[in-house]
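Dear colleague,

Please find below the sequence and structure that I am handing over to you. My findings follow directly after them.

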Amino acid sequence: MAYEAEYKQKLVSAEEAAKVVNSGDAVAYGFFNGKPIAFDRALAARHEELSEVIIITAVTTPPVPEVAQKPDSFIYVDLQYSKLTRLLKLGPNSVYYCPVLYHMSPKIFRGHIGVSPRVTAARVCPMDEHGWFNLGPQNSETRVKLAVAEKTVVEVSDKLPVCLGGAEEAIHISEVDYIIDGRAEEGPFNAPEAEPSPEDKAIAGHILKHIVDGATVQLGIGGMPSAVGKLIADSDLKNLGGHTEMFVPSYVDMIESGRMNGAMKEFDRYRVAYTFAIGSQRMYDFMHNNPGLASYNVEYTNDPRRIGAMKNFISICNIVEADLFNQVNAESTGYHQISGNGGLWDFVLGSQWSEGGKSFLCMTSTRKDSKGNVISRIVPTFKPGSVVTVPRQMVDYIVTEYGAARMPGMPTWMRAEGMINIAHPDFREDLIKEAEKMGIWRQSNKRL
Ligand SMILES: CC(=O)SCCNC(=O)CCNC(=O)[C@H](O)C(C)(C)COP(=O)(O)OP(=O)(O)OC[C@H]1O[C@@H](n2cnc3c(N)ncnc32)[C@H](O)[C@@H]1OP(=O)(O)O
Ligand SMILES: CCCC(=O)O
């Protein structure tokens with residue numbers, strides 16, 4: 001093999017590669033399933049000799065990152081909290097959130113703005129005969145992070161699917177400083193595929209009415225968007241396209257059922273474009289070397305201008321709660337970070353720029369708190385600290401199991417009425433009273 005000698009020369013143990021990190025450095029890890037496992041363990045083992053090392057990552061998946069358990073030496077920064085990040089944050093750990101407009105993240109790394117990595121370490125697929133390491137199911141901003149770092153480390157896994165591009169889906173050995181053999185480590189996070197709840201199915205039903213043949217569909221992170229994908233797979237829609245930030249298992253259902261073939265797409269005809277994937281092993285197996293999919297950098301998938309250039313673009317994302325002013329919180333509760341803004345803003349805006357396009361922000365009307373009390377997700381105002389992820393002037397549709405409320409062009413009292421119309425019936429009277437106190441209710445509003 002042409003690159004065999006170079007490979008041997010760059011191949012080091014994880015311990016050797018981790019020596020490249022100095023106190024005070026910023027170290028970027030591959031996001032999602034790209035987190036280096038052996039490198040992380042070796043770096044954490046150096047905790048007694050290191051201090052103030054910033055680790056930059058996003059959507060932490062298992063195994064538990066070892067550096068996050070050594071808060072005296074490492075400051076763990078996550079751009080989008082996962083369940084695992086939330087649990088880490090509960091412990092005596094130094095875990096912080098970093099908000100980013102996702103499509104801008106490569107530009108931020110390229111410009112060395114904010115925390116800029118001196119070292120980047122990412123998990124990749126085995127090298128091919130031309131000297132390229134495919135980045136697996138996390139294209140995102142990985143190539144840029146590797147390019148801007150002074151030292152680059154790749155940890156080779158033979159369990160990641162090879163994800164065909166697109167663009168920027170691979171890195172060449174000539175750009176790599178150290179190679180670690182990570183084949184003994186576990187594979188990508190095998191997330192269980194949850195069955196949609198009756199509420200999820202009702203929400204999906206409200207959205208399905210708006211999807212036309214030939215539309216391009218984006219599904220966001222979380223349980224509910226998956227229900228929509230499954231319902232589409234069982235529908236009689238034709239020639240749908242896929243263009244998304246996150247590839248999820250329900251794309252497999254939409255493609256295999258023949259509903260989604262990309263035949264009418266303006267870009268990437270016959271292929272689903274995406275920038276990262278987290279899901280089940282069934283999904284990773286489907287992705288491996290699949291020419292029907294295209295792995296792109298996030299600047300491409302999430303650019304609202306590109307999204308807006310496609311016709312009938314349908315964006316479906318999950319949110320945490322919304323208030324009577326119609327502001328949307330998709331990421332926090334009080335001072336507690338739940339997830340992140342991620343690419344939400346990119347798709348909410350882009351889908352509304354699309355001719356015939358629509359944005360759907362979805363939630364069940366209620367949730368249960370830790371004591372089993374039923375709480376409305378439609379609230380008069382957010383509690384202190386809760387973040388507005390999507391401002392009210394950007395909101396298109398908000399959907400619960402009780403219906404879909406469209407907001408553009410509505411003055412405040414109509415928005416309040418729209419929100420109360422889709423609230424759980426048990427909470428509507430109280431919400432009306434609050435709307436009256438807030439001065440966003442008129443006598444002409446219908447009593448619900
Ligand atoms: C292609 C793209 O993906 S583009 C957009 C992608 N990014 C986004 O959409 C960003 C915003 N959205 C999200 O991050 C997610 O969709 C979420 C967090 C809104 C929902 O994700 P899900 O996994 O379905 O949420 P789930 O119902 O499991 O709730 C997650 C956590 O938030 C908590 N939570 C949810 N709603 C509330 C609320 N109103 N108040 C307090 N806590 C809440 C839950 O208790 C749970 O916490 P725990 O797991 O630590 O016990
Ligand atoms: C880094 C952002 C990931 C997301 O939008 O879920």
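How far does a polar side-chain atom of Gln 80 lie from an oxygen atom of ligand 2? The separation is 3.4 Å. Please bear in mind that this is a predicted model.

Ligand 2

Gln 80 is one of the residues that surround ligand 2, and the others are Tyr 102, Ile 221, Glu 245, Phe 276, Gly 342 and Gly 343. By class, this shell consists of 3 nonpolar, 3 polar and 1 charged residues. Glu 245 places a polar side-chain atom 2.4 Å from an oxygen atom of ligand 2. Gly 343 contributes through its backbone, with an N or O atom 3.1 Å from an oxygen atom of ligand 2. The protein buries 96% of the 230 Å² that ligand 2 exposes when taken alone.

Ligand 1

Gln 80 also approaches ligand 1: a polar side-chain atom of Gln 80 lies 3.4 Å from an oxygen atom of that ligand. For Lys 83, the corresponding distance from a polar side-chain atom to an oxygen atom of ligand 1 is 2.8 Å. Val 320 uses a backbone N or O atom, which lies 3.4 Å from a nitrogen atom of ligand 1. On its own, ligand 1 has 1,000 Å² of accessible area, and the protein covers 76% of this. Two or more residues of the shell come from each of the elements α4 (83–90), β10 (216–219), β16 (313–318) and α13 (344–353).

There are 27 residues around ligand 1, of which Lys 83, Arg 86, Ile 221, Ser 339 and Arg 377 come nearest. The shell divides into 10 nonpolar, 12 polar and 5 charged residues.

Domains

The protein chain is divided into domain 1 (23–181) and domain 2 (198–438). Why does ligand 1 lie between the two domains? Domain 1 and domain 2 both give residues to the shell around ligand 1, so the ligand lies between them. The C-alpha centres of the two domains are 28 Å apart. Across the boundary, 31 residues of domain 1 are in contact with 35 residues of domain 2.

The UniProt record, an unreviewed entry, lists residues 3–180 as "domain: Acetyl-CoA hydrolase/transferase N-terminal". In the model, this span is 23% helix and 21% strand, and its end C-alpha atoms lie 16 Å apart. The unreviewed UniProt entry also lists residues 279–435 as "domain: Acetyl-CoA hydrolase/transferase C-terminal". Over residues 279–435 the chain is 30% helix and 25% strand, with 41 Å between the end C-alpha atoms.

Backbone geometry

Most residues other than glycine have a negative phi, and most peptide bonds are trans.

- Pro 62 and Pro 63 are joined by a cis peptide bond with omega of about 0 degrees. Pro 63 is in the loop between β2 (53–57) and β3 (74–78).
- Gly 165 and Gly 166 are likewise joined by a cis peptide bond, here with omega of about 20 degrees. The loop that holds Gly 166 is between β7 (151–156) and β8 (170–172).
- Asn 289 is not a glycine, yet its phi is positive, at about 55 degrees. Asn 289 is found in the loop between α10 (281–287) and β15 (293–295).

With kind regards

How values were computed. Residues numbered from 1 in each chain as written. Chains lettered and ligands numbered in written order. Predicted model: local features only at pLDDT ≥ 70, side-chain atom pairs only at ≥ 80, totals over all residues. Heavy atoms only, no water. Near = heavy atom within 4 Å. Polar contact = N/O pair within 3.5 Å; in protein donor to acceptor, adjacent residues only side chain to side chain. Areas by Shrake-Rupley, 256 points an atom, 1.4 Å probe, with all protein chains shown as cover. Helix = DSSP H or I, 4+ residues; strand = E, 2+ residues; numbered from the N terminus. Nonpolar A, V, L, I, M, F, W, Y, C, P; charged D, E, K, R; others polar. Domains from an automatic or database assignment. UniProt positions renumbered as here; feature names shortened; annotations may be inferred. Contact = heavy atoms within 4.5 Å.
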